[in-house]
Amino acid sequence: MPGRLRPTSENRGNALWGRGGRRVGALAATVACVLVAASGAAGSPAPPSASPPAGLVKALTSHLRAYIPDALLSAAQQDPAQSFDVILQGGRQEKAANFLAQAFKDSSANGYSVATNQVKRQFVSIDGARVSLTGWQILALGTSKAVTSIVPNDTVRSSAVNLPVSNSEKWGWSTGAAVDWTGQALSLQTPTIAIVDSGIDASRTADFGNRVLGQVSLASTANGPGDTYGHGTFVAGIAAGAATGRAGVAPSANLLSVDVMGDAGMATVADVVAACDWILANKSQYNIKVANFSLHSSNPASIFFDPIDRAVERLWLNGVTVVAAAGNYALDGQRSDVPIAPANDPFVITVGAADIMNTLSAADDVAAPWSAWGYTVDGFAKPDLSAPGRYMIGPVPDGATLATERPDHIVSPGYMQLSGTSFSAPAVAGTAALILAQHPDWTPDQVKGALMVSARSVPAATPGSLGVGELNVPLARMVQTPPNPNAGLDQYVTTDANGAPVFDSAAWQSAALANAAWSDAAWSDAAWSDAAWSDAAWSDAAWASAAWSSAAWGSAAWSDAAWSDAAWSDAAWGSAAWGSAAWSDAAWSDAAWADAVRGDSANDPAVVRSPIATSEISQTEHDLGINDPFCDPTQPTC
Ligand SMILES: [Ca+2]
Ligand SMILES: [Ca+2]
């Protein structure tokens with residue numbers, strides 16, 4: 001229902017959820033000055049309520065940035081002196097205390113200061129607080145860029161709202177994915193997610209209904225039908241499962257299984273490249289706009305040479321949002337760097353694994369100790385963001401290799417507890433599909449920008465270990481004007497002989513060699529106020545030791561026989577790089593693996609963390625604005 005997705009009222013017309021950059025910031029500053037002059041009263045008390053100055057109400061309303069439900073906004077406009085019991089929420093960058101200080105400072109600059117005794121409760125599970133505010137203060141706070149929403153503190157129901165689908169584990173609630181489980185969210189026209197993995201057991205209709213649109217097998221190793229390994233079904237469940245108590249992030253999304261992994265969970269690099277070829281050729285037929293890769297190859301490589309990188313870039317530049325697991329090869333939380341494809345590709349969305357520590361608050365979240373992070377060999381910081389990935393529960397077919405290998409991890413018939421960045425990536429892929437349902441014409445760059453700019457801060461995590469922060473589903477879905485994290489790279493996108501967009505890595509290399517600050521303009525955009533990203537998104541220091549420039553690349557002893565796969569002879573791959581001898585044979589002949597076989601899955605305790613309590617569900621639903629099982633609080637109409 002695209003018509004229901006567009007903002008319908010004036011108050012949502014201007015980048016309300018986005019962090020609009022310098023231009024909007026300057027506008028807000030101007031408005032603040034005008035308002036102080038217009039109100040003639042810098043500070044409390046608020047103007048009398050007898051006849052609210054229509055011009056001032058209008059001026060404030062026209063510069064609202066925060067989401068304010070129509071009913072509350074209307075009441076505040078009509079009687080600005082009235083007091084309202086509301087929940088005030090900030091963005092990802094601020095801790096609750098900092099966000100409130102900034103918001104109140106902005107409000108004061110607008111002529112409406114807020115007293116500390118108006119704050120009734122400061123939350124830890126969300127960056128926000130319960131506050132008693134006048135209508136004037138609501139309008140003034142609504143113009144602050146520190147405020148993302150002001151919603152009424154409606155009466156909390158004694159029990160949780162009975163959502164059509166749900167999940168008894170905490171990860172779906174800590175990420176706010178519960179906003180996807182309302183009737184309205186489930187009716188969104190979500191694009192198809194391609195799961196490039198070990199297959200999907202499409203016979204599991206409780207999990208997937210009839211939403212597995214197709215299954216293509218491109219595995220070159222022994223590969224039974226469906227999902228004999230079990231990994232891909234789990235990944236699909238996190239992205240789009242709909243079973244009772246086991247819902248994924250986008251429970252109504254269609255899935256397309258691109259099976260590259262055989263019975264042992266192994267694929268070859270050529271299988272993965274062939275999967276990209278298949279998606280490229282069939283994306284229109286199946287409306288594939290998102291592709292999830294919870295796998296990686298085995299050897300460090302540069303984007304100059306790695307065929308998987310080039311293949312996923314091709315998808316990205318042709319409108320497919322690629323999500324890749326960071327990998328599980330870090331040790332004890334130490335920086336591992338992320339040198340392996342496809343997670344090392346600067347265009348795609350690389351996802352690390354957060355350990356939510358069995359709590360809904362992000363305050364205690366850290367990176368899982370094995371979640372890969374650091375720089376790629378080309379100097380790009382990865383992961384881009386993170387999602388829960390430790391002690392996840394998902395569907396695994398009975399008799400699949402994973403279930404047979406780890407029977408103590410089976411928590412109920414057909415469901416296992418596993419850990420890995422493999423299971424973080426599909427949460428982001430599902431969110432990407434929902435973002436695209438709301439913005440069907442958005443590019444992968446825009447989807448990436450929305451996911452990154454809305455991520456929750458993770459103050460306890462080692463800086464960089466979880467990228468810019470943790471997936472925040474409702475905020476990601478509310479971003480209207482995402483910044484472009486790939487703006488620097490996009491300068492070097494050109495067209496190949498067939499007119500198809502392609503990344504000119506040589507031109508990028510020349511620019512980067514000439515000027516290490518080649519992308520400063522893109523990364524210093526005011527929208528990226530998170531210093532952890534903007535300062536270190538690309539490192540010439542990391543690049544200086546790049547593997548691509550070492551002698552290792554020139555000593556390849558590769559044989560033509562290994563190139564016999566059809567994927568390699570495709571004309572699309574006939575660029576100069578392929579004709580050079582600058583190849584490490586290991587880079588292309590090695591296998592790609594399902595991510596779960598590494599990391600700490602093998603050492604995970606056979607215990608399940610406590611499921612979420614009804615009281616926690618009730619409070620979280622309330623914090624997320626879910627008061628109706630059919631109403632999606634991220635949508636302007638309900
Ligand atoms: Ca398979
Ligand atoms: Ca937590």
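**Figure 1. How much of the protein chain is buried?** Of the 638 residues in the protein chain, buried ones make up 56%. Keep in mind that this is a predicted model. The chain has 25 helices and 22 strands. Look at contacts with a separation of 6 or more, and 82% of them come from residues 24 or more positions apart.

Figure 2. Is Asp180 buried or exposed? Asp180 has 32 C-beta neighbours inside 10 Å, and the cut-off for being buried is 20 or more, so Asp180 counts as buried. Set aside the neighbours within four places in sequence, and Asp180 is still in contact with Ala185, Val249, Ala250, Pro251, Leu434 and Val473.

**Figure 3. Helix α4 packing with helix α6.** Here we have α4 (residues 70–78) and α6 (residues 135–142), with axes 8 Å apart and an angle of about 120° between them. That angle makes α4 oblique to α6, because angles of 65 to 115 degrees count as roughly perpendicular and it takes over 145 to be roughly antiparallel. As for handedness, α4 and α6 make a left-handed crossing. Which residues meet where the two helices touch? On the α4 side they are Ala75, Ala76 and Gln77, and on the α6 side Gly135, Ile138 and Leu139. Sorted by class, this contact between α4 and α6 has four nonpolar residues, two polar ones and no charged ones.

**Figure 4. An open sheet of four strands.** Read across the sheet and the strand order is β2-β3-β1-β4, with antiparallel pairing. Which strands are at the edges? They are β2 (119–122) and β4 (147–152), each of which pairs on one side only. From one strand to the next, the twist averages 25°.

**Figure 5. Strands β1 and β3, paired within that sheet.** As background, strands of a sheet pair through backbone hydrogen bonds, and the pairing can be parallel or antiparallel. In this view, β1 (residues 83–90) and β3 (residues 128–134) pair in the antiparallel sense. How many bridges does their pairing run over? The count for β1 and β3 is seven bridges. To get your bearings, find Val86, which stands opposite Val131 in β3.

Definitions and conventions: Residues are numbered from 1 along each chain as its sequence is written. Chains are lettered from A and ligands numbered from 1 in the order in which they are written. This is a predicted model: local features need pLDDT of at least 70, side-chain atom pairs count only at pLDDT 80 or more; totals for chains, interfaces and linings use all residues. A residue is buried if 20 or more other C-beta atoms lie within 10 Å of its own, exposed if 12 or fewer, and partly exposed in between; C-beta atoms are placed from the backbone. Two residues are in contact if their C-beta atoms, placed from the backbone, lie within 7 Å. Axes are lines fitted to C-alpha atoms, for helices over the stretch in contact, and angles run from 0 to 180 degrees between N-to-C directions. Angles under 35 degrees count as roughly parallel, over 145 as roughly antiparallel, 65 to 115 as roughly perpendicular and the rest as oblique. A crossing is left-handed if the near helix is turned anticlockwise from the far one by less than a right angle, and right-handed if clockwise. Ala, Val, Leu, Ile, Met, Phe, Trp, Tyr, Cys and Pro count as nonpolar, Asp, Glu, Lys and Arg as charged, and the others, Gly among them, as polar. Two strands pair if DSSP finds at least two bridges between them.
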